[in-house]
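Here's a quick tour for anyone opening this structure for the first time.

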Amino acid sequence: MVDRILIFDTTLRDGEQTPGATLNVEQKLLIAQQLARLGVDIIEAGFPYASPGDFQAVQGIARVVGTENGPVICGLARATKQDIAACAEALKPAHRARIHTFIATSDIHLEYKLKKTRAEILQIVPEMVSYARSLVPDVEFSPEDAGRSDPEFLYQVLELAIEAGASTVNIPDTVGYTTPAEFGALIKGIKENVRNIDRAIISVHGHDDLGLAVANFLEAIKYGARQLECTINGIGERAGNAALEELVMALHVRRQYFNPFLGRPPESEAPLTNINLKEIYKTSRLVSNLTGIPVQPNKAIVGANAFAHESGIHQDGVLKHKRTYEIMDAESIGLTSNQIVLGKLSGRNAFRTRLQELGFHLTEQELNRAFVRFKELADKKREISDWDLAAIVNDETQHLPQAYKLEHVQVSCGDHALPTATVTVLTPEGEERTDAAVGTGPVDAVYKAINRVVNLPNQLIEFSVQSVTAGIDALGEVTIRIKHPSGVVYAGHAANTDIIVASARAYIHALNRLYFALSKEETAAVKAM
Ligand code: KIV
Ligand code: ZN
């Protein structure tokens, strides 16, 4: 039995189900490596049977991150033999591998989705859990839509799963429907009515449709839940999953409140999770940049305003005594106080050293590219902060294959001018093409000019600019989403002191994602045009 809370990160599985968040294998590996540094106990790396790309990603993460001292690497599988076999195969290189198998248990899912009876579920669950156990020693079972399942039926299913060898039983509130009191009562009921529950860890999984996922998990801990399934920045299907950073910081800041539920004296200082808090902010930025899903400014813990005090009364209070309005320090999640670290005269060594201190592990090639960007930035911006460095590094290590490359962008605009843009783009065939367009504004003109060269059908559905630091010379980070006529969404992200350049580069990123995702036939058709 565990005497602390296990953190199961599903950013790479449930988080990747966010529309437009598709990550390539290299990007998933980068995130998994950072999750290991963050100290998560289990990484759900993907759904191997879902696609060859997912299989490869799980296998790669199992090989590179699933080392002796690394986290448990987990793969998702429906309760079918093919899914479970593919999952076990992908997980083979991991030192500690877990198969997470699931099947729905709510009547609505049984009747309309699975078209199966309760009796059939009671037969499938033990069969598939023992099959998974014959392949790996660590098996987790989830009754999907547990939050809306009949508790009596749920108890029966869980008992059979544990009997068949599941060492973790996960209770998902799949549609984010339950309230904290109801979810707590559900866990209490499981603890009291599942005969063999002491042989398994109770885990919780929940979506944020009503904004209650984190609150539900915290309530569940009181009744015996010891594993939390969550994602960085709370990304995931629909309204997302419970946010890792919010759960971890709630358990840290309010440890005196939670300690007794884990049988500890309230004043115990022993951490409730294994998370290295100082890696939280960096992980949040990496996931946001690679998935192209921006973090809202007022997001708890990692939002740009999470530690900002705007009103005079608050500022005055904080100056008099920090704890008047601050319940935690920005430094605790790895944020520096925006200190000036490097400038125009800083050399390569200072740059490399600072990046190492910040915990960025770059290849020689990435370091070279980032250094060039740093020098360019230092020419325009006198003071380079840790936040700027993080933005540069994340921009230069996106690991997106480039089919189209932006060579040049120029705009002219103003209150009496027609916004006009000229762009030069290197095509996948190595041809340099220049074109121009007018638009309703400078960004519109740039996107129209790029469209004339790239010619991939899409609609811009989201565009956001965020400044990395304060000040007129700040780097601007642009995040966009485009939608292909098939309905699939692709994200793009870029940072530059010139937001028009950042906008153009973010668009090219998204177009490259779209280009590589298109079927071979479709790509060939585009080339022939
Ligand atoms: O939300 C859900 O029910 C899931 C399961 C696969 C655990 O993601
Ligand atoms: Zn889920």
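A polar contact here is a pair of N or O atoms within 3.5 Å; within protein, one must be able to donate a hydrogen and the other to accept it, and residues adjacent in sequence count only if both atoms are side-chain atoms. This is a predicted model, where local features need pLDDT of at least 70, side-chain atom pairs count only at pLDDT 80 or more, and totals for chains, interfaces and linings use all residues. Residues are numbered from 1 along each chain as its sequence is written, chains are lettered from A and ligands numbered from 1 in the order in which they are written, and side-chain values use heavy atoms, leaving out hydrogens and water.

| Side chain | Distance to an oxygen atom of ligand 1 |
|---|---|
| Asp14 | 3.1 Å |
| Thr174 | 2.6 Å |
| His205 | 3.1 Å |

On its own, ligand 1 exposes 260 Å², and the protein buries 94% of that (Shrake-Rupley method, 1.4 Å probe). Residues around the ligand (a heavy atom within 4 Å) include Arg13, His100, Phe102 and Glu144.

Now for the sheet: it's open, with three antiparallel strands in the order β14-β15-β16. Strands are DSSP runs of E, at least two residues long, and helices are runs of H or I, at least four; two strands pair if DSSP finds at least two bridges between them. Strand β15 (residues 476-483) has eight bridges to β16, and Ile480 sits opposite Gly492 in β16.
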